[in-house]
Amino acid sequence: MKQLVIGALLGAFALTPVLAADGAALYKDKTCNACHGPTGNKPLMPDYPKIAGQNAKYIEKQMLDIKSGARANGNSAAMKGVMHLVSDAEIKDIAEYLSKLKP
Amino acid sequence: MMKKLTLLAAAMLTATIALAAAPAPHKSGIEGKDYKWNAQEGEKMEALKMKGRVKEGEEAYEVCGACHLPSGAGRPDGTFPQLAGQHSTVLIKQMADIRAGLRDNPTMYPFAISLTDPQELADAAAYINSLCIPPTHGAYEGKDAAAQIAAGKDLYEKQCLECHGKTGEGNKEKFYPVIAGQHYKYLLRQMTEIRDGHRRNANPDMVKVIKPYTNEQLVAISAYQSSLVMPGAMCKAKPAAKKK
């Protein structure tokens, strides 16, 4: 019973910070999938990048730079709107996850 | 004649290519001299006249759901507003304004233009209107919540109530949004942007009213508004874990 209650609570608050450092869950929860596609290789717009299989170091830096505003070119304005949702540690996890996806 | 046609074709081709990945257009808004709020024109008027189809709207809403969630709840952190429970007129106006470049939203713009025509705007709005209202949303969470809400109530009743209604229900016919039960952080962000002239499709009457308010006052008003219950059909206590 207790497990059920906990399960229901988790369901109800699916938006609260993800407990495990799970890149796949973060990728969805932070709405990355909305623009870059469910597996990182089907971007919404032709001028949004495919990111599946990208080098983790590179993509982590791009995320950090867009978040900080150091990178403000291209479509970064579109992405900056959600970057406050992602902590630096979570960025690392997402980058790690993306680097392992099939391009 | 032939030359003219060729020129026309070339112009059209250029337009199409430009459209493929064009940045959002920029339509003169609150900052312009000739701005008329909610001008009765454009695809908004077409969409408003159409009958929204819930079933087709569910499909159209799919791109929206990635951020606003399939439930239409948005996010308590205020990044994305709750859509469930909002007036269809308001939903259509905001979508049309973003598409027309009158409300700047670089994050949402590419999604907004993925809807093909006024009928899809009407459909998406109809689908959103068919959603039940999530029982919880982002509220003011400070220790002084009670005091903030009380102070906000006083302020709200002085100047906001006249348009947004006694219980924050807005006005569908007048395109005034429901603000009751919206995420606290979203309300605060929008009011701040309207006050500071950054929300370019704002109603000048509201801008005039809100101009003198301090940040602290906007916090209190947002706290109060988010403490109100959004009118409409609430979801059952256990939110449906709806499969996509």
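Trainee: How much area is buried between chain A and chain B?

Mentor: The size of an interface is often given as the accessible area lost when the parts come together. In this predicted model, about 1500 Å² is buried between chain A and chain B, and carbon and sulfur atoms give 72% of that area. Buried area is the accessible area (1.4 Å probe) that two parts lose on being put together, summed over both. Contact means heavy atoms within 4.5 Å; by this rule, 19 residues of chain A touch 18 residues of chain B.

Trainee: Which residues form the salt bridge between A:D29 and its partner, and how far apart are the closest N and O atoms?

Mentor: A salt bridge is a side-chain nitrogen of Lys or Arg within 4 Å of a carboxyl oxygen of Asp or Glu. Across this interface the rule finds 1 salt bridge: A:D29 pairs with B:R75, with the closest N and O atoms 3.8 Å apart.

Trainee: Is B:Y184 buried or exposed?

Mentor: Buried means under 20% relative accessible area, exposed over 50%, and partly exposed in between (1.4 Å probe, protein chains only). B:Y184 is buried at 9%, and B:Y140 also counts as buried, at 17%.

Trainee: What conventions apply here?

Mentor: Residues are numbered from 1 along each chain as its sequence is written, and chains are lettered from A and ligands numbered from 1 in the order in which they are written. Local features need pLDDT of at least 70, side-chain atom pairs count only at pLDDT 80 or more, and totals for chains, interfaces and linings use all residues, while side-chain values use heavy atoms, with hydrogens and water left out.
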